[in-house]
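Take a walk through this structure, one part at a time. Keep the sequence and the 3D view side by side.

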Amino acid sequence: GSKVENTTLGERVTASSLIPCGSCLPCKENHYQWCENIESIGRTLSGAFSEQVLVPAKNVRRISNDTTYEQAALTDVVAVAVHNYHLAGSPRGKEILIFGDGAVGLSCLQEYGQANNVDIVGKHHKHKVEQLGGRYIDASVIRTLPDNLYDVIVETVGREQNETLSESIRLIRPRGQIVVAGVYMSGYKGQFLFRDLFYKEASLQGSNSYSFWDGRNEFDIALELIESGRFNTSEIITHVLPLTQFLEGVRLMNEKDKSGAVKVIYRLCELK
């Protein structure tokens, strides 16, 4: 619109999907992930499975000529990993375990793996985990690991299951930290051993999207990590399809045990 001053037609950009109101108390305290009136592109507003998407100018970020649209499309996912790492206290020289080898898990592997030893529990992507410098543990053998192995455990699975949090409490060391980025279903009530959490004095920390950290927007931090080459997005993007093959992309994600899909990217044919 006519009031937009910091972007011009034809610029190459990406955008944050979170649209906070900017006026409630969480927004004023720079915790916009808790905004009382938050909107989200793709959740409460029409998303980007279309040729055009309406985005507030304040959410738009320019990308460099060396950054592909596919790389920039992962900024939101990388920002989730950045926020998770900050909540864990930006650990260094620690033993880290990540549950889940999807897009968030592989992003957390790269963020934590810059300064720590990282194991990742998965079912699908052993080669990708190893390519990114992590040690792969098949989910089928997780119960055979001895207790109290890890300083920080990151849960990225969520859904409706107890096992990942139960195993996290068993595997965490005393005074360790469990950071939960996995999205559990609304209303789901799980069960785990509260007494073990109490005994170990371990902390259980939620990790919701991203916001500001130390005065900086974590979405901007994530974009810098991608543009600097510190994040390998090619191991996360498994399929790039034209928008005309939308249903094929849905099929690939629904059958990811067979297809090996992690992230499916749609693009308009005319984009270069």
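Contact means heavy atoms within 4.5 Å. Ala261 touches His125, Thr238, His239, Leu252, Met253 and Lys256, not counting residues up to four places away in sequence. Ala261 sits in the loop between helix H10 (256-259) and strand E14 (263-267). Helices (H or I, at least four residues) and strands (E, at least two) are DSSP runs, numbered from the N terminus. At 3% relative accessibility, Ala261 is buried. Buried means under 20% relative accessible area, exposed over 50%, and partly exposed in between (1.4 Å probe, protein chains only). Arg251 is ten residues from Ala261 along the chain, and their C-alpha atoms are separated by 9.8 Å.

A word on the source. This is a predicted model, in which local features need pLDDT of at least 70, side-chain atom pairs count only at pLDDT 80 or more, and totals for chains, interfaces and linings use all residues. Residues are numbered from 1 along each chain as its sequence is written, and side-chain values use heavy atoms, with hydrogens and water left out.

Now turn to the sheet. Six strands form an open sheet, in the order E7-E6-E5-E8-E9-E10, with parallel pairing. Two strands pair if DSSP finds at least two bridges between them. Strand E7 (135-138) and strand E10 (203-206) are the edges, and each pairs on one side only. On average, neighbouring strands of this sheet are turned by 20 degrees against each other, direction ignored. Axes are lines fitted to C-alpha atoms, for helices over the stretch in contact, and angles run from 0 to 180 degrees between N-to-C directions.

Follow the pairings across. Strand E6 (residues 117-122) is joined to E7 by four bridges. Gly122 stands opposite Asp138 in E7. E5 and E8 also pair in the parallel sense, over four bridges. Here Ile98 stands opposite Val154 in E8. Five bridges then join E8 to E9. Tyr150 has Ile172 in E9 as its bridge partner. How much of E8 is covered? Five of its six residues are buried. In a regular strand the side chains alternate between the two faces of the sheet.

A helix lies over this region. Helix H6 (residues 163-171) lies across strand E5 (95-99), strand E8 (150-155), strand E9 (172-180) and E10. H6 runs at about 150 degrees to E9. Ser168 belongs to H6. Is Ser168 buried or exposed? Ser168 counts as buried, because its relative accessibility is 0%. Leaving aside neighbours within four places in sequence, Ser168 is in contact with Phe99, Ile153 and Ile178.

Arg175, in strand E9, has a phi near 70 degrees, a positive value in a residue other than glycine. Arg175 is exposed, with a relative accessible area of 65%. Glu201 lies in the loop between helix H7 (194-200) and E10. Its phi is near 55 degrees, again positive in a residue other than glycine. Glu201 is partly exposed, at 49% relative accessible area.
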